[in-house]
Amino acid sequence: MKARIFLSAIALFCFGFVANAQDVKIGYTNVEYIMSLMPEMEQIDADIKDYSNQLGQQIQSKSAAFQRQMQEYQQGAAAMTEEARGIKQQELQKLEQEIRKFEQDAQASYQRKLQELLEPVQTKVYNAINSVAAENNYSHILSESAGQAPVLLYTKDNDPFTDLVLAKLGIEAPAAPAAN
């Protein structure tokens, strides 16, 4: 009798586990791929390229001014007093440090600008992902990759989730290349 109750309890536990597992529907998508197809990305690419060029021109201008001052110092150093040479060297070192700091600040500014430009597109894509997941009864959505490391290690078949998100956004995916 106890064995029968024990086996019944195990069967109920297993049945409950299987019933819960049936509610799980997992999909995957590639956010970077979806974003690359967004029409807004063309303008973002142009804007960030312009911003990068502006920063690059400022760095070049500062570097050229430093090089001119360095050449002037080298040409006139022999005629300077020891004290004047020391002062000019300190000025040049300070200017060089300012240029390095500006380069670091420019890189940080570039990253902030890029994030600012991408944020509305990312929000739009994530909202579409959430909407498609809810409409199609997905319980979990994985990213095909996160930076350089893939989050999805295996899938049995091609999940149409990315195509559903593209359709939700009104974007037509380019035709896949023919298999050889």
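Relative accessible area sorts residues into buried (under 20%), exposed (over 50%) and partly exposed (in between), with a 1.4 Å probe and protein chains only. The exercises below concern a predicted model, in which local features need pLDDT of at least 70 and side-chain atom pairs count only at pLDDT 80 or more, while totals for chains, interfaces and linings use all residues. Residues are numbered from 1 along each chain as its sequence is written, and side-chain values use heavy atoms, with hydrogens and water left out.

**Exercise 1. The overall layout and its confidence**

Task: Describe the secondary structure of the chain, and say where confidence is lowest and where it is highest.

Solution. Begin with the count, which comes to five helices and two strands, arranged along the sequence in the pattern α-β-α-α-α-β-α. Then turn to pLDDT, the predictor's confidence in each residue on a scale from 0 to 100: the chain averages 82, and 78% of the residues score at least 70. The lowest confidence falls in helix α1 (residues 2-22), with a mean of 48, whereas helix α3 (residues 40-76) has the highest, at 94. Residues 1-9 have pLDDT below 50, and beyond near neighbours in sequence this stretch has zero contacts in the model, a contact being heavy atoms within 4.5 Å. Where pLDDT is low, the predicted coordinates should not be read in detail.

As a last step, consider the chain totals. Of its 180 residues, 22% count as buried, and among contacts with a separation of 6 or more, 79% come from residues 24 or more positions apart.

**Exercise 2. The surroundings of Thr29**

Task: Is Thr29 buried or exposed, and which residues does Thr29 touch?

Solution. Locate the residue first: Thr29 sits in strand β1 (residues 26-29). Its relative accessible area is 2%, and Thr29 is therefore buried. Leaving out residues up to four places away in sequence, Thr29 touches Ile34, Ile129, Ile141, Leu142, Ser143, Glu144, Phe161 and Thr162. With Thr162 there is also a side-chain polar contact of 2.6 Å; such a contact is a pair of N or O atoms within 3.5 Å, where within protein one must be able to donate a hydrogen and the other to accept it, and residues adjacent in sequence count only if both atoms are side-chain atoms.

**Exercise 3. Comparing salt bridges**

Task: How many salt bridges does the structure hold, and where in the chain do Glu40 and Lys124 lie?

Solution. The structure holds seven salt bridges, each defined as a side-chain nitrogen of Lys or Arg within 4 Å of a carboxyl oxygen of Asp or Glu. In one of them, the side chains of Glu40 and Lys124 meet at 2.9 Å, N to O. This pair links distant parts of the chain, with Glu40 in helix α3 and Lys124 in helix α4 (residues 82-135), 84 residues apart. Glu40 is partly exposed at 27% relative accessible area, and Lys124 is partly exposed at 39%.

Glu82 counts as exposed at 60% relative accessibility, while Arg85, at 21%, counts as partly exposed. Glu116 and Lys113 form a bridge of 3.8 Å, N to O, and they too are three residues apart in helix α4, so about one helical turn lies between them.

Technical notes: Helices (H or I, at least four residues) and strands (E, at least two) are DSSP runs, numbered from the N terminus.
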